[in-house]
Amino acid sequence: PEPLVKLLVSRKDLAVIPIIDDLWSRDTTTWEELYSDMGPSIEDAVLARYEKGTVTLRMSASRLLGKNGTAKSLPVLEGSREGSSPEVRVLIDRAIASIRSRQ
């Protein structure tokens, strides 16, 4: 249930990551903000779904990595830039710029 997930996220309980990752992969709109609240600890899970994700999932993942990603995300983002739609490319570019500004 969403209230339980919110409670675990508010406590930054890392055990919630696989649960919210699964929920987010099925409904990015509903779960993106809560997933983002988990901070940099979500990076590996988001990267694991990035390449094989739908356009909607990759757009959400780009926003999540822009907020929480590290240099580890840059090769994946840069590699997916070519061949992406203009809308996705904008989000990828923003994510790359955001990550680089934090380094």
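Helices here are DSSP runs of H or I with at least four residues, and strands are E runs of at least two. By that rule, this predicted model has seven helices and zero strands in the chain. The elements run α-α-α-α-α-α-α from the N terminus on.

**Confidence**
- Mean pLDDT for the chain is 96, and 100% of the residues score at least 70.
- Helix 5 (residues 55–68) has the highest mean among the elements, at 98.
- Helix 1 (residues 2–10) has the lowest, at 92.

**Nonpolar core**
- The largest nonpolar core holds 26 residues.
- Trp-24, Tyr-35, Val-46 and Leu-77 have the most contacts inside this core.
- Two or more residues each come from helix 1, helix 2 (17–26), helix 3 (28–36), helix 4 (43–50), helix 5, helix 6 (74–81) and helix 7 (86–102).
- Helix 7 gives the most, with five residues.
- Leaving out residues up to four places away in sequence, Val-46 touches Trp-24, Tyr-35, Ala-61, Leu-64 and Leu-65.

**Overall shape and packing**
- The chain has a radius of gyration of 13 Å; this agrees with a compact globule, because one of 103 residues would have a value near 13 Å.
- Along the principal axes, the C-alpha atoms fill a box of roughly 40 × 30 × 15 Å.
- Of contacts between residues at least 6 apart in sequence, 61% join residues at least 24 apart.

**Burial and surface**
- Buried residues account for 41% of the 103 in the chain.
- The accessible surface comes to about 5800 Å².
- Carbon and sulfur atoms supply 56% of that surface.

Conventions:
Residues are numbered from 1 along each chain as its sequence is written. This is a predicted model: local features need pLDDT of at least 70, side-chain atom pairs count only at pLDDT 80 or more; totals for chains, interfaces and linings use all residues. Side-chain values use heavy atoms; hydrogens and water are left out. pLDDT is the predictor's confidence in each residue, from 0 to 100. A nonpolar core is a set of buried Ala, Val, Leu, Ile, Met, Phe, Trp, Tyr and Cys residues joined through side-chain atoms within 4.5 Å. Buried means under 20% relative accessible area, exposed over 50%, partly exposed in between (1.4 Å probe, protein chains only). Contact means heavy atoms within 4.5 Å. The radius of gyration is taken over C-alpha atoms; the globule rule is 2.2 Å times the number of residues to the power 0.38. Accessible areas come from the Shrake-Rupley method with a 1.4 Å probe; for residues, only the protein chains shown count as cover.
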